[in-house]
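Here are my notes on the model you asked me to look over.

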Amino acid sequence: EAVEIAKRFEALGYCIYATKGTARALMEADVSVRLTRKLEQEARGIQYLPLHELLTEAEVVCTCLNKNVVLLGTEEFAALGEHKLLINTGLSPSYEISAVRKWLKRTGTYLSCDSDLALGDLTLLDFENVYFKNKASGGTTQALERLQEKVLENLFHYLEGKGGAEA
């Protein structure tokens, strides 16, 4: 969906700027992209580290990725190590289930998820170090999708000079 949106903006004459991961996906779809970093965050003192370095140094890692984006596998959990907390609030697990299961057997490892979608496998609840509330804030998935569609529709109507769509 993001690719189609970027193509529409590009067709209207806009330059597309994106951070590394998004830029890669857009370039694969033949969208012209200019690579950028999140400069406003760097100005606040936030550092960008390569993933393995980040996992090694951070004590708490939060993932809130798009659906079906798996970031953490066996190698990444080895880098994350012990005495760490992983929080996932994404629409699906940000990890391979077998890899997180192995990691949870290590000393001082904790996983917290806010929904069964984020957890990915309810048998992970067998671990004492897994925290699961099954209560996420915000609307339903359908409500969020409808809201996203309406926002994009309004934006394109505005950019094309047609005024905003009805809410």
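1. Does Glu 153 count as buried, partly exposed or exposed? Glu 153 counts as partly exposed, at 35% relative accessibility, where buried means under 20% relative accessible area, exposed over 50% and partly exposed in between, with a 1.4 Å probe and protein chains only. The side chain of Glu 153 meets that of Lys 150 in a salt bridge, 3.6 Å from N to O, a salt bridge being a side-chain nitrogen of Lys or Arg within 4 Å of a carboxyl oxygen of Asp or Glu. The two residues are three apart in helix 8 (residues 141-159), so about one helical turn separates them. Lys 150 is partly exposed, with a relative accessible area of 27%.

2. Please keep in mind that this is a predicted model, in which local features need pLDDT of at least 70 and side-chain atom pairs count only at pLDDT 80 or more, while totals for chains, interfaces and linings use all residues. Residues are numbered from 1 along each chain as its sequence is written, and side-chain values use heavy atoms, with hydrogens and water left out.

3. The secondary structure of the protein chain comes to eight helices and six strands, these being DSSP runs numbered from the N terminus (H or I of at least four residues for helices, E of at least two for strands). From the N terminus on, the order of the elements is α-β-α-β-α-α-β-α-β-α-β-α-β-α. The C-alpha trace spans about 60 × 30 × 30 Å along its principal axes, and buried residues make up 27% of the 167 residues in the chain.

4. Strands count as paired if DSSP finds at least two bridges between them. Strand 3 and strand 4 run parallel and are joined by four bridges; Val 61 stands opposite Leu 86 in strand 4, and Cys 62 stands opposite Ile 87. Strand 4 also pairs with strand 5 in the parallel sense, over five bridges, and there Leu 86 has Leu 111 of strand 5 as its bridge partner. The chain crosses from strand 4 through helix 6 to strand 5 in a right-handed β-α-β crossover, and strand 3, helix 5 and strand 4 likewise make a right-handed β-α-β unit. Right-handed means that, with the strands pointing away from the viewer, the path from the first strand over the helix to the second runs clockwise.

5. In strand 4, Lys 84, Leu 86 and Asn 88 make up the covered face, and Leu 85 and Ile 87 the uncovered one.

6. Glu 82 lies in the loop between helix 5 (74-80) and strand 4 (84-88) and Arg 106 in the loop between helix 6 (97-103) and strand 5 (109-113), so the pair ties together parts that are 24 residues apart in sequence. Glu 82 counts as partly exposed at 34% relative accessibility, as does Arg 106 at 35%.

7. Asp 121 is partly exposed at 22% relative accessibility, and Arg 101 is partly exposed at 25%.

8. The largest pocket holds about 1700 Å³ of space. A pocket is an open set of points on a 1 Å grid over the protein atoms alone, where a 1.4 Å probe fits, with protein on both sides within 12 Å along at least five of seven lines, and lining residues have an atom within 4 Å of a point. Its lining has 32 residues, of which Thr 19, Gly 21, Thr 22, Lys 38 and Leu 65 lie nearest the centre. Two or more lining residues come from each of helix 1 (2-11), helix 2 (20-28), helix 4 (51-57) and strand 3 (60-63), and helix 2 gives the most, with six residues.

Terms used:
Grid points are joined across faces, edges and corners, and a volume is the space filled by probe spheres set on the points.
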